[in-house]
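Please examine the sequence and the model below. The paragraphs that follow lead from pairs of strands to a pair of helices.

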Amino acid sequence: MSLHDLEHVDPPFPDLGEEVVLSLETPAKEGLLLFEKDGEIHQKPMERTEGGLRVRVFLPTSPFRYVFRLPEGFLGSHGLEKALPRYDHFFHLLAGPQPPEWAQGAVYYQIFPDRFRMGRPELAPQDGAWRYQGRPIRRKAWHEPPGPEGPWEFYGGDLWGILEALPHLEGLGVEVLYLTPIFQSPSSHRYDTEDYLRVDPHLGGEEALEALFQALEKRGMHLVLDGVFNHVGATHPWFQRALKDLESPERSMFTFYPDGSYAAFWGVKSMPKLDYASPLTQERFVFGKEAPIRYWMRLAHGWRLDVAHSIGEGGTNRKNARWLRALARAAKEERPEALVIGELSYDATPTLRAHTLDGAMHYAGFAHPVMAWLSGRDVYGREAALSAEEAWEVLWDHYRALPLQVRHAMYTFVSSHDIPRALWRLRGNLGLFQLAYALLFAFPGSPAIYYGDEVGLSQPNPYTLWQGDPYCRAPFPWDEALWNREALGFLRRLVRLKKTHPALRRGSLLPLKAPEGVLAFRRRYRGEEVWAFFAKEGARLRLPRGVDLLREEEVAGEVEAQYLLFQPLN
């Protein structure tokens, strides 16, 4: 089998015009590099080297698309093909700017600030303090479960509380915090921003953000903020001026229709959509020095762009790639090592191949197929009869389609603030929950723990009401008597393995033969291998001598397991 992945690119993160060496592990004795440039296919002979072939080439464009011509056929991202494959089966290599080094395989922890930890009770909104969409907000006690009126329900978590909780996160081994929105907003989710240059006072304001940022920097940790730049809140002064004054400059920032209605996120009128065709929108969100994506880079290391797939012009996603690229580069102009990933809820491949963002939330290529396989239901609760082999094919297909440099920067997860929690979705089955997280940490990418998953936090709604938001946003249970210690210890072991085994953090992904019903693959990096096996009902595996990494014991011969991370010994 021939192999080409990021470890076969030197340097792995080149600049435009820089010479790179592309290596191919192969038994073939000769080959050609075929690459696209200016609409033509060019070719260059490869030279023999120990273990395969290699070739030097200057990067003329980004993405740089190429395949290898071998005696037995054409080797591209999706394997060997007898005829020249389509461009979407070429390898895609990006030139700078690239995902930063610190984000490659990093362990994330996602926090919904209002529900994580209360540091200063006096900051918490009081019952009925204001009206949201015509109804008074509600202050809830920390022990109360979330109800159906999510945006109206406030628990009082704040940034000071996150700062207090850093010892817990350090103990877990977290490297990056991702916070859902923290800027001033009338709702508890804060996705309807009314002031982008003001950290919500109920979260502690800019003073708390600065204290948190400094504490993270001292610990060598990073902070990623949620950039809600597809839409604003209907209470934002810019939208209010646009709504009330037909001659206001802000009118151009939004898309109004002849009947007086306007474009909004998913038609929700409290979130009017921004129009990036407007020079004023461009100035205020991309190019101006007070554009939030620039302004907050002094107190953050990166952004997750909310509904990144929808950002565009004229109430649509027109010119989406252009504006994502502009937003990412704006952040990197302020902080060269900034990370900018996007919420690309569907197929992320076309957007990432257009050299826009450093990565994306891995919904289509990981979270959805994995959880559909394990739970028997898709994210909407519909029956999904997905086999282990079929789930693997989805994972394998998406992985191969991604540009080489973003494969390890993908934000990979099984729970989030927008979908049902993994433990609830698996009906409290701890074995399957551990399998899901073991698969998450074994797979390429940056694994993300959703706050509370590590201690067994679930949801209060019955399975007849298949829903994530708002029920997946329960307060973190700080009473340790409520913690699932087995889950916590398991997650800690997974984090340690991800951080200490280069094959798990940076390694290539390869198929692995296994019995029917077992999802299996290999991770490999510079000679180190880890084999990963996952079986919903458990399976009997026959193995050479090696180490069970989770149990830290040597095994050989027949082994029965539901999940196994195995390192073969020579």
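Strand S1 pairs with strand S2 (residues 19-25) in the antiparallel sense over two bridges; two strands count as paired if DSSP finds at least two bridges between them. Within this pair, Val9 stands opposite Leu22 in S2. The model is predicted: local features need pLDDT of at least 70, side-chain atom pairs count only at pLDDT 80 or more, and totals for chains, interfaces and linings use all residues. Residues are numbered from 1 along each chain as its sequence is written, and side-chain values use heavy atoms, without hydrogens and water. Strands (E, at least two residues) and helices (H or I, at least four) are DSSP runs, numbered from the N terminus.

S1 and S2 belong to an open sheet of four strands, in the order S1-S2-S6-S5, with antiparallel pairing. Its edge strands, S1 (9-10) and S5 (47-49), each pair on one side only.

Strand S16 (residues 176-179) has parallel pairings. Four bridges join S16 to strand S11 (residues 108-111), and Gln110 stands opposite Tyr178 in S16. S16 also pairs in the parallel sense with strand S19 (residues 222-227), over four bridges; there, Leu225 is the bridge partner of Leu179. Both faces of S16 are covered, with Val176 and Tyr178 on one side and Leu177 and Leu179 on the other, all buried (under 20% relative accessible area, 1.4 Å probe, protein chains only).

Finally, helices H9 (residues 363-375) and H12 (residues 430-442) pack at an angle of about 150 degrees, with their axes 11 Å apart. H9 is therefore roughly antiparallel to H12 (an angle over 145 degrees, taken between N-to-C directions on a scale from 0 to 180 degrees, with axes fitted to C-alpha atoms over the stretch in contact).

How values were computed
Parallel < 35°, antiparallel > 145°, perpendicular 65-115°, else oblique. Buried < 20%, exposed > 50% of the residue type's maximum accessible area, 1.4 Å probe, protein only.
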